[in-house]
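Visitor: Hi! Could you walk me through this one, starting wherever you like?
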Amino acid sequence: MKKQFLFVSFVVLVVSTLSVSIGYCKVPPLQHGWITVKIKPVFNGQPLTLTDQNYVDEHGDTLSVDVFRFYITHLKLSVDSLTAEDTSSHLVSADDPASLSFQVQDIYSGVYTMMQFTVGVDSMTNTSGAN
């Protein structure tokens, strides 16, 4: 039996707590706020649908996805020398709409120009359990 490797891309949309896109909102840099991170799982540009959707990969193989889960950890937002970090682990599951967005609390308000994160968990979290 041939094993299939599934590569699924996802889009992260960041929205500020002021109900305005972070990219368009300039707020004094020392005020505290929060953001909502929204995840949109897609496969080859199509929204990811579990179980009842067949997809064709770059080799022409047909596949379907029954379960799609991952952790987002070590989230960092940066602008110039200012960096906001989220130390939480966020379990994202395509079959749970509530898990497709999460809030990052107590960050400086502003226009962040870079977002970095890890998909998965580090070895210490993996052996001790996610929070």
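Guide: Happy to! Let's start with V56, which lies in strand β4. Keep in mind that this is a predicted model.

Visitor: Okay, is V56 buried, exposed or partly exposed?
Guide: V56 is partly exposed, as its relative accessible area is 48%, and the exposed class begins over 50%.

Visitor: What is V56 in contact with, leaving aside neighbours within four places in sequence?
Guide: V56 then touches F43, N44, D61 and T62.

Visitor: And N44, how far apart are the C-alpha atoms there?
Guide: The C-alpha atoms of V56 and N44 are separated by 8.6 Å, and the two residues sit 12 residues apart along the chain.

Visitor: Switching topic: how many aromatic pairs are there in the whole structure?
Guide: A search of the whole structure turns up 2 aromatic pairs. In one of them, F43 and Y55 form a tilted pair, with 5.0 Å centre to centre and 55 degrees between the planes.

Visitor: What does the pair of F43 and Y55 tie together?
Guide: F43 is in strand β2 (residues 32-43) and Y55 is in strand β4 (residues 54-56), so their pair links parts that are 12 residues apart in sequence.

Visitor: Are those two buried or exposed?
Guide: F43 is buried, with a relative accessible area of 4%, and Y55 is buried too, at 2%.

Visitor: How are the rings of F68 and F70 arranged?
Guide: The ring centres of F68 and F70 are 5.3 Å apart and the planes are at 55 degrees, so this pair is tilted. F68 is buried, with a relative accessible area of 13%, and F70 is buried at 9%.

Methods: Residues numbered from 1 in each chain as written. Predicted model: local features only at pLDDT ≥ 70, side-chain atom pairs only at ≥ 80, totals over all residues. Heavy atoms only, no water. Phe/Tyr/Trp six-rings, centres within 6.5 Å; stacked < 30°, edge-to-face > 60°. Helix = DSSP H or I, 4+ residues; strand = E, 2+ residues; numbered from the N terminus. Buried < 20%, exposed > 50% of the residue type's maximum accessible area, 1.4 Å probe, protein only. Contact = heavy atoms within 4.5 Å.
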